[in-house]
Amino acid sequence: MRQFCLTILVLGVSSQVLMTPGSAQPTPVDLLESTSELLTAAQSGDFSMADRALRIGAKPADARDENGNNALHWAAWHGHTPIVALLLDYGAAVDATDGPNDGNTALMKAAWNAHDPRHVATIEALLAKGA
């Protein structure tokens, strides 16, 4: 079976996907859209959108905004614990930082909002995964 490697640039991050011609694997457009959806879902708390984007092939590390915040950072900031857990299950790096200037992790972002009870569960989920 022949395969080829496709490099996709999404939000300044390149991602390589191994493609098999004639397979049901996602197209580059699917991956671009799913990565954008993942970031939107993490910000809005839409679990089904996040789940769909990840199943299509979005990679948690590739979904970053212009400031370097990834999907895990946004989900943690907003206290969307189910999405935090989903992203971690899909291999999101628990200690990834939000960019070269700030260096904040998802745990730091959740802790800033710890006055909101939703964030306590988010902090616990992050700590359980080694944050």
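Residues are numbered from 1 along each chain as its sequence is written, and side-chain values use heavy atoms, with hydrogens and water left out.

**Overall layout**

- The protein holds 6 helices and 2 strands; helices (H or I, at least four residues) and strands (E, at least two) are DSSP runs, numbered from the N terminus.
- Along the sequence the pattern reads β-β-α-α-α-α-α-α.
- Of the 131 residues, 44% are buried, where buried means under 20% relative accessible area, exposed over 50% and partly exposed in between (1.4 Å probe, protein chains only).
- Taking contacts (heavy atoms within 4.5 Å) between residues at least 6 apart in sequence, 53% join residues at least 24 apart.

**Confidence**

- The average pLDDT is 81, and 76% of the residues score at least 70; pLDDT is the predictor's confidence in each residue, from 0 to 100.
- Confidence is lowest in strand E1 (residues 4-10), with a mean of 43, and highest in H4, at 97.
- Residues 1-23 have a pLDDT below 50, and this stretch makes 46 contacts in the model beyond near neighbours in sequence.
- Where pLDDT is low, the predicted coordinates should not be read in detail.

**The nonpolar core**

- The largest nonpolar core has 26 residues, and Leu38, Ala71, Leu72, Val84, Leu87, Leu88 and Leu126 have the most contacts inside it. Such a core is a set of buried Ala, Val, Leu, Ile, Met, Phe, Trp, Tyr and Cys residues joined through side-chain atoms within 4.5 Å.
- At least two residues of this core come from each of H1 (28-44), H2 (47-56), H3 (71-78), H4 (81-89), H5 (106-112) and H6 (117-128).
- H4 gives the most, with 5 residues.
- Leaving aside residues up to four places away in sequence, Leu88 touches Leu72, Val94, Ala125, Leu126 and Lys129.

**Helix H2**

- Met49, Ala50, Ala53 and Leu54 are buried in H2.
- These residues lie on the same side of H2 because they cover an arc of only 130° around the axis, taken from the directions from the helix axis to the C-beta atoms.
- After H2 comes Gly57, with a positive phi near 135°.

**The tryptophan pair and Asn113**

- The structure holds 1 aromatic pair. Rings of Phe, Tyr and Trp (its six-membered ring) pair if their centres lie within 6.5 Å; planes under 30 degrees apart count as stacked, over 60 as edge-to-face and the rest as tilted.
- The rings of Trp77 and Trp112 have centres 6.0 Å apart and planes at 75°, so this pair is edge-to-face.
- Trp77 lies in H3 and Trp112 in H5, so the pair ties together parts 35 residues apart in sequence.
- Trp77 is partly exposed at 32% relative accessible area, and Trp112 is partly exposed at 47%.
- Asn113 sits in the loop between H5 and H6 and counts as buried at 12% relative accessibility.
- Not counting residues up to four places away in sequence, Asn113 touches Trp77 and His119.

**Pro100**

- Pro100 is found in the loop between H4 and H5 and is exposed, with a relative accessible area of 85%.
- From C-alpha to C-alpha, Pro100 and Asn67 are 9.3 Å apart in space, and they are 33 residues apart in sequence.

Technical notes:
Predicted model: local features only at pLDDT ≥ 70, side-chain atom pairs only at ≥ 80, totals over all residues.
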